[in-house]
Amino acid sequence: MKTNAAAKLALKATTLDGSSPVHAHGWSLPTQNTDGSWTPGKWSAVKGPVRYRGNGLHVCGVDQLAYWYGHLRGRTMTTWVCEYDGQVSIGCHGFAARRVRLLRPWDGREEV
């Protein structure tokens, strides 16, 4: 898919093996290159209508992390910066998107 639009970024927390802690989905993890840069994981996508807390790939913004950190308390997680596109469905603790790929670990400072 070719696009001229700026990347739309969000955050996604996974377990260390790349699984979603709430929704059963295994993610293609980014890999770090020898120069320190990151190669993104492969795009994941869903079919059918996208619905928050239903069908979709669930991600969030920085302002919603406190909820998820509390909800996932006690689990060892990695938070990733991700890129998304396609249909979205907004919810109170994040949103669901049609397509998402993980780009790099979140450094805790980057605004998305």
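Q: Is C60 buried or exposed?
A: The model is a predicted one. In it, C60 is buried, with a relative accessible area of 5%.

Q: And C82, at what relative accessibility does that residue stand?
A: C82 counts as buried, at 0% relative accessibility.

Q: How many disulfides does the count come to?
A: The count comes to zero disulfides. C60 is in no disulfide, and the nearest cysteine sulfur to it belongs to C82, 8.2 Å away. C82 is likewise in no disulfide, its nearest cysteine sulfur being that of C60.

Q: Changing topic: how many cavities of 30 Å³ or more does a search of the whole structure find?
A: The search finds one cavity of 30 Å³ or more. About 180 Å³ of space lies in the largest cavity.

Q: Which residues are closest to its centre?
A: The largest cavity is lined by 17 residues, and those closest to its centre are K12, A13, H58, V59 and W68.

Q: Which elements give two or more residues to that lining?
A: They are β1 (8–15), β5 (57–59), α1 (65–71) and β7 (94–105). The largest share, three residues, comes from β1.

Q: What is the lining of the largest cavity by class?
A: It has 11 nonpolar, five polar and one charged residues.

Q: W68 came up there. Is W68 buried or exposed?
A: W68 is buried, with a relative accessible area of 18%. The cut-off for buried is under 20%. Y67, by contrast, is partly exposed, with a relative accessible area of 30%.

Q: What do Y67 and W68 form?
A: Y67 and W68 form an aromatic pair of the edge-to-face kind, 4.9 Å centre to centre and with 85 degrees between the planes.

Q: How many aromatic pairs are found in the whole structure?
A: The search finds three aromatic pairs. One of them is formed by Y84 and F95, edge-to-face, with 4.9 Å centre to centre and 65 degrees between the planes.

Q: Where do Y84 and F95 lie?
A: Y84 lies in strand β6 (residues 77–91) and F95 in strand β7, so this pair ties together parts that are 11 residues apart in sequence. Both Y84 and F95 are buried.

Q: What about charges and rings: which ring does the charged end of R99 sit over?
A: The charged end of R99 sits over the ring of W43, at 4.0 Å from the ring centre.

Q: Last topic, the glycines. Where is G18 found?
A: G18 is found in the loop between β1 and β2 (31–32). At 0% relative accessibility, G18 counts as buried. The C-alpha atoms of G18 and D35 are separated by 23 Å, and these residues are 17 apart along the chain.

Q: And which loop holds G48?
A: G48 lies in the loop between β4 (44–45) and β5. At 37% relative accessibility, G48 counts as partly exposed. The C-alpha atoms of G48 and T14, 34 residues apart along the chain, are separated by 24 Å.

How values were computed: Residues are numbered from 1 along each chain as its sequence is written. This is a predicted model: local features need pLDDT of at least 70, side-chain atom pairs count only at pLDDT 80 or more; totals for chains, interfaces and linings use all residues. Side-chain values use heavy atoms; hydrogens and water are left out. On a 1 Å grid over the protein atoms alone, a cavity is a set of points where a 1.4 Å probe fits but cannot get out, and a pocket is an open set with protein on both sides within 12 Å along at least five of seven lines; lining residues have an atom within 4 Å of a point. Grid points are joined across faces, edges and corners, and a volume is the space filled by probe spheres set on the points. Helices (H or I, at least four residues) and strands (E, at least two) are DSSP runs, numbered from the N terminus. Ala, Val, Leu, Ile, Met, Phe, Trp, Tyr, Cys and Pro count as nonpolar, Asp, Glu, Lys and Arg as charged, and the others, Gly among them, as polar. Rings of Phe, Tyr and Trp (its six-membered ring) pair if their centres lie within 6.5 Å; planes under 30 degrees apart count as stacked, over 60 as edge-to-face and the rest as tilted. Buried means under 20% relative accessible area, exposed over 50%, partly exposed in between (1.4 Å probe, protein chains only). A charge sits over a ring if NZ of Lys or CZ of Arg is within 6 Å of the ring centre and within 35 degrees of the ring normal. A disulfide is a pair of cysteine sulfur atoms within 2.5 Å.
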